Amino acid sequence: MTSLVVFWGSLMLVACNASSPTNVPNNASRPVIVTAPIQRQAVPIVTVPPPSQAAQASANVPLPALDARQVARGNQLYAQHCVTCHGAQLQGQPNWATPTVGVVLAPPLNDAGHAWDHSDAELRRAILRGSVGKDPAGNPFMPAFADKLQSDELEAVIVFLKSTWNTQHRVRQLMLSQPR
Ligand code: HEC
């Protein structure tokens, strides 16, 4: 069991190195439990963390409107390339968060997942590169899209993903995407 958890933990660390629940500021009504990495992996990231102070501070800044044509194009491309794994509601595969040796299931890309907790650059990288992990037959759990999507198509898919996120997640993701 320990090795299973450690295995899953290492997979999750590969997938989610940009964020950690322990970075989220504490908040009296929704305490954040600071745990060791192994315990943390047991908790699927399906709850909405409290917004960071930076996100709260910027909540008065209007979000840039999304280009409706890009959203529509991204929706088409999603239906063509992504829906089989990530689902019609972007809900991910059933039991995606349940650790299974040798399997990495597609996570949600809507508010229930944490794609919104990755910057634009990280999302581009994730989509262009696909998954690092491979199944026992040697196929990546997510194929690389570097040779399947033109750069404007990649941007359209990402804009489509953004169109499904709530304001809090849009603000958070905008903050993460600012140049530092
Ligand atoms: C064959 C199934 C499959 C297809 C098709 C697929 N994905 Fe994935 N996707 C996955 C899996 C599995 C992961 C988790 C990979 C990992 O953790 O290493 C993933 C992860 C991601 C992530 C990272 C999410 C996060 O929260 O870290 C993004 C973004 C993503 N996919 C977008 C897309 C987009 C956009 C498309 C279509 C252009 C697509 N995927 C097509 C299976 C797929």
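## A walk around helix α7

Let's begin in a loop: select L90, which sits between α5 (83-86) and α6. Keep in mind that this is a predicted model. Look at the backbone of L90: phi is positive, about 60°, although the residue is not a glycine. Most residues other than glycine have a negative phi. Is the residue buried or exposed? With 22 other C-beta atoms within 10 Å, L90 is buried, because 20 or more is the cut-off for that label.

Stay in the loop between α5 and α6 and click on N95. Here too phi is positive, near 60°, in a residue other than glycine.

Next, select α7, residues 151-163. This helix has 13 residues and spans 19 Å from its first C-alpha to its last, close to the 18 Å expected at 1.5 Å a residue. Colour A156, V157, V159, F160, L161 and K162, the buried residues of α7.

Take α6 first, residues 120-129. Its axis and that of α7 are 11 Å apart, at an angle of about 115°. The crossing of the two is right-handed. To see who meets whom, show D120, L123, R124, I127 and L128 on the α6 side, then L154, V157 and I158 on the α7 side. Sorted by class, this contact has six nonpolar residues, two charged ones and no polar ones.

The axes of α4 and α7 come within 7 Å and cross at roughly 100°. That makes α4 roughly perpendicular to α7. Which residues meet here? From α4, pick Q70, V71, R73, G74, N75, L77 and Y78; from α7, pick E153, E155, A156, V157, V159, F160 and S163. By class, the contact of α4 with α7 has seven nonpolar, four polar and three charged residues.

Terms used:
Residues are numbered from 1 along each chain as its sequence is written. This is a predicted model: local features need pLDDT of at least 70, side-chain atom pairs count only at pLDDT 80 or more; totals for chains, interfaces and linings use all residues. Axes are lines fitted to C-alpha atoms, for helices over the stretch in contact, and angles run from 0 to 180 degrees between N-to-C directions. Helices (H or I, at least four residues) and strands (E, at least two) are DSSP runs, numbered from the N terminus. A crossing is left-handed if the near helix is turned anticlockwise from the far one by less than a right angle, and right-handed if clockwise. Two residues are in contact if their C-beta atoms, placed from the backbone, lie within 7 Å. Ala, Val, Leu, Ile, Met, Phe, Trp, Tyr, Cys and Pro count as nonpolar, Asp, Glu, Lys and Arg as charged, and the others, Gly among them, as polar. A residue is buried if 20 or more other C-beta atoms lie within 10 Å of its own, exposed if 12 or fewer, and partly exposed in between; C-beta atoms are placed from the backbone. The expected span of a helix is 1.5 Å times one less than its number of residues. Angles under 35 degrees count as roughly parallel, over 145 as roughly antiparallel, 65 to 115 as roughly perpendicular and the rest as oblique.
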